Amino acid sequence: MDAVRPLTTPTVTLAAALAAGALIGAGGGAATYAALSSGNSKTVVRQVTVSDGQPTSIGGNLSAQSIYKLAYKGTVEITAGQGQGSGFVYDADGHIVTNAHVVDGGGSISVKFWNGKTFSARVIGTDASTDLAVLKVDAPVSELFPLSLGDSSNLAVGDQVVAIGSPFGLEGTVTSGIVSALHREMTSPNHFAIDDSIQTDAAINHGNSGGPLLDAQGKVVGVNSQIESNSGGNEGVGFAIPSNTISSIASQLISSGKAEHAFLGVVLRDSSAQTGAAINQVRAGTPAAHAGLHAGDIVTAAAGKRITSGSQLRAVINAHRPGDTISVTYTRGGKSHTVTVKLAARPA
């Protein structure tokens, strides 16, 4: 995808926004307008707080207002060095989930809660391959409001979703939309594919990185991570890491400080005939290279499962652990071959 951008905001952006903006009261809520200029481009940000008026209906489930009331105390603003992003409380032990790219700049890290209280945080672990990180704050239990994870595999296109975060440092911003598409592919900070990503038209901007995407029951179904934009601002095409990935990776980071991924060692593209996963490149010294796989080979089966696309092959590999041995069937020159491959650990 062209112009896909991470959503971390430099901390200086909020000051620039407030210097250029105007505050306007409107009915039971307040609106903040901030004009941000860069070269010949301008991004206009509007934040609307949830009023005490009539709830907004979302498809017969919880209203946007109700979801916000359930989740806003568990959503946090994260400042890391010169960057700013969002996150959410994962458990009552003080673990916070966010994006790896929010905290990869180093420096001290602080977490601001819904009531303005701020605590220092330390990194428990990061996983560049999924762009996820877990932090730890030593905050009193009374300050912790963990959010529940939903099952992202149950999402359907058209489902209502709500995003909460701190775009441009405007903490507690809530926006709503729908699931625009499923099974999208994002590129992680270390250039591996993040499969099954959720596309949404809920407005997300720089600073929303790491914040929760919630379903109509108020459960976290994704972590907002990237936008596709020509202007640098929200154009209604945002992407979130699915909650099923979050559950797997966060538990590994909390238990060991790292997450392991099985690694075959090929660069893939879907074959034009959709008959398998076409190999574009085999990386030297990898399990694929040791097994004799070549660029141009088309993988048609792996670990006993039929393969019709690159995403299917990645899913099969990701379902295994480093050190597992699997069979790989491929075609070359019109002939089918099967090899045994011992998977390695994905490089950082």
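Author: Happy to. Let us begin with aromatic pairs: rings of Phe, Tyr and Trp (its six-membered ring) pair if their centres lie within 6.5 Å, and planes under 30 degrees apart count as stacked, over 60 as edge-to-face and the rest as tilted. Ring pairs link Tyr 68, Tyr 72 and Trp 114 into a cluster. Please keep in mind that this is a predicted model, in which local features need pLDDT of at least 70, side-chain atom pairs count only at pLDDT 80 or more, and totals for chains, interfaces and linings use all residues. Residues are numbered from 1 along each chain as its sequence is written, and side-chain values use heavy atoms, with hydrogens and water left out.

Reader: How many aromatic pairs does the structure hold, and why is the pair of Tyr 68 and Tyr 72 called stacked?

Author: The structure holds 4 aromatic pairs. For Tyr 68 and Tyr 72 the ring centres are 5.0 Å apart and the planes are at 10 degrees, so the pair is stacked. Phe 113 and Phe 119 form an edge-to-face pair, with 5.6 Å from centre to centre and 85 degrees between the planes.

Reader: What makes Tyr 68 buried and Tyr 72 partly exposed?

Author: Buried means under 20% relative accessible area, exposed means over 50%, and partly exposed is in between (1.4 Å probe, protein chains only). Tyr 68 has 17% relative accessibility, so Tyr 68 counts as buried. Tyr 72 has a relative accessible area of 25%, which means that Tyr 72 is partly exposed. Phe 113, at 3%, counts as buried. Of the 348 residues of the protein, 48% count as buried.

Reader: How do you know that Val 89 is buried, and what does Val 89 touch?

Author: Val 89 has 0% relative accessibility, so Val 89 counts as buried. Val 89 is found in strand β7; helices (H or I, at least four residues) and strands (E, at least two) are DSSP runs, numbered from the N terminus. Contact means heavy atoms within 4.5 Å. Leaving out residues up to four places away in sequence, Val 89 touches several residues, including Val 76, Phe 113 and Leu 147. The C-alpha atoms of Val 89 and Val 76 are separated by 7.4 Å, although these residues are 13 apart along the chain.

Reader: What polar atoms lie around the side chain of Gln 84, and is Gln 84 buried or exposed?

Author: Gln 84 is in strand β7 (residues 83-89), and with 3% relative accessibility Gln 84 counts as buried. A polar contact is a pair of N or O atoms within 3.5 Å; within protein, one must be able to donate a hydrogen and the other to accept it, and residues adjacent in sequence count only if both atoms are side-chain atoms. A polar atom of the Gln 84 side chain lies 2.9 Å from the backbone oxygen of Ser 166. The backbone nitrogen of Gly 169 lies 3.4 Å from a polar atom of the Gln 84 side chain.

Reader: What makes a group of residues a nonpolar core, and which residues have the most contacts inside the largest one?

Author: A nonpolar core is a set of buried Ala, Val, Leu, Ile, Met, Phe, Trp, Tyr and Cys residues joined through side-chain atoms within 4.5 Å. The largest has 25 residues, and Phe 88, Val 97, Ile 164, Leu 214 and Ile 246 have the most contacts inside it. Among the elements that each supply at least two residues of this core are α2 (64-71), β16 (220-228) and α4 (243-256). A second, separate core of 21 residues includes Ala 291 and Leu 343.

Reader: Which strands pair with β16?

Author: Two strands pair if DSSP finds at least two bridges between them. Strand β15 (residues 212-214) pairs with β16 in the antiparallel sense over 3 bridges, and β16 and β17 pair in the antiparallel sense over 5 bridges. Leu 213 stands opposite Gly 222 in β16, while Val 223 stands opposite Ile 241 in β17. In β16, 8 of the 9 residues are buried.

Reader: What is the phi of Phe 168, and why is Phe 168 called buried?

Author: Phi of Phe 168 is near 55 degrees, a positive value in a residue other than glycine. Most residues other than glycine have a negative phi. Phe 168 is in the loop between β12 and β13, and its relative accessible area is 6%, so Phe 168 is buried.
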